[in-house]
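Please look over the sequence and the model below before reading on. The paragraphs that follow go through charged pairs, a pocket, a surface patch and a few distances.

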Amino acid sequence: LKLLESSKPISYNALRCRLKRKIGYSGRLRLFRKVWATYMRREGIEPEVIDLLQGRVSRTVFIRHYYRPDLKPLLDEVRAKLPGLRSILESQI
C-alpha cells in the first residue's frame with residue numbers, strides 16, 4: 001500500500017510507449033485486460049470478483065447492495081495464480 005501511495009500516476013500513452021520499448025508490443029491494452037480476465041476465470045475466480053478487480057460493477061441488486069467480499073483472501077488467491085499467467089505469457093513472447 002505504501003508503494004502505491006508513493007507512486008506517480010502513469011498515463012495510458014506512457015504505458016503504451018513503455019510496452020513498445022520493452023517488449024515491442026504496439027497493440028491495444030484492452031487485450032491484456034481480456035487475457036487476464038479469461039485466465040482468472042479458467043482458474044476458478046468468480047466473475048463477480050474479476051469484474052470488481054477490473055473496476056466494473058454489475059447492475060444486479062445483489063452485487064450493488066449486498067455483495068461485500070473479504071478482499072484479502074480474494075487478492076491472495078489472485079496473486080497466487082499470477083505466476084502461472086506470467087509463465088504462459090513469457091512462453092508466447
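A salt bridge is taken here as a side-chain nitrogen of Lys or Arg within 4 Å of a carboxyl oxygen of Asp or Glu. The model is predicted, so that local features need pLDDT of at least 70 and side-chain atom pairs count only at pLDDT 80 or more, while totals for chains, interfaces and linings use all residues. Residues are numbered from 1 along each chain as its sequence is written, and side-chain values use heavy atoms, with hydrogens and water left out.

With that criterion, a search of the whole structure finds four salt bridges. Side chains of opposite charge can pair when their charged atoms come close. Several of the residues concerned lie in helix 6, which covers residues 71–92; helices here are DSSP runs (H or I, at least four residues), as strands are (E, at least two), and they are numbered from the N terminus. Within this helix, the side chains of D76 and R79 meet in a salt bridge at 3.2 Å, N to O, and because these two residues are three residues apart in helix 6, they are separated by about one helical turn. The pair D76 and R79 also belongs to a network of salt bridges that links them with K72.

To describe their surroundings, a residue is called buried at under 20% relative accessible area, exposed at over 50%, and partly exposed in between (1.4 Å probe, protein chains only). On this scale R86 is exposed, with a relative accessible area of 56%, whereas E90, at 49% relative accessibility, counts as partly exposed. D76 likewise counts as partly exposed, with a relative accessibility of 35%.

The side chains of D51 and R56 also meet in a salt bridge, with an N to O distance of 2.8 Å. D51 is partly exposed at a relative accessible area of 28%, and R56 is partly exposed at 36%.

Pockets are found on a 1 Å grid over the protein atoms alone: a pocket is an open set of points with protein on both sides within 12 Å along at least five of seven lines, in contrast to a cavity, where a 1.4 Å probe fits but cannot get out, and lining residues have an atom within 4 Å of a point. The volume of this second largest pocket is about 200 Å³, where grid points are joined across faces, edges and corners and the volume is the space filled by probe spheres set on the points.

Which helices supply at least two residues each to this lining? They are helix 4 (47–53) and helix 5 (61–66), and helix 4 gives the most, with three residues. By residue type, the lining divides into five nonpolar, two polar and five charged residues, where Ala, Val, Leu, Ile, Met, Phe, Trp, Tyr, Cys and Pro count as nonpolar, Asp, Glu, Lys and Arg as charged, and the others, Gly among them, as polar. The C-alpha atoms of S58 and E48 are separated by 7.9 Å, although the residues are 10 residues apart along the chain.

Helix 4 also contains P47, which counts as partly exposed at 38% relative accessibility, and I50, which is buried at a relative accessible area of 5%. P47 is 10 residues from A37 in sequence and 8.6 Å from A37 in space, C-alpha to C-alpha. For I50 and L89, which are 39 residues apart along the chain, the C-alpha separation is 19 Å.

L89 lies in helix 6 and is partly exposed, with a relative accessible area of 34%. Together with L31 and V35, L89 forms a nonpolar patch on the surface, with about 210 Å² of accessible area in total. Patches are made of residues with over 30% relative accessible area and no salt bridge, with like charges joined within 9 Å and nonpolar side chains (Val, Leu, Ile, Met, Phe, Trp, Tyr) within 5 Å; accessible areas come from the Shrake-Rupley method with a 1.4 Å probe, and for residues only the protein chains shown count as cover.
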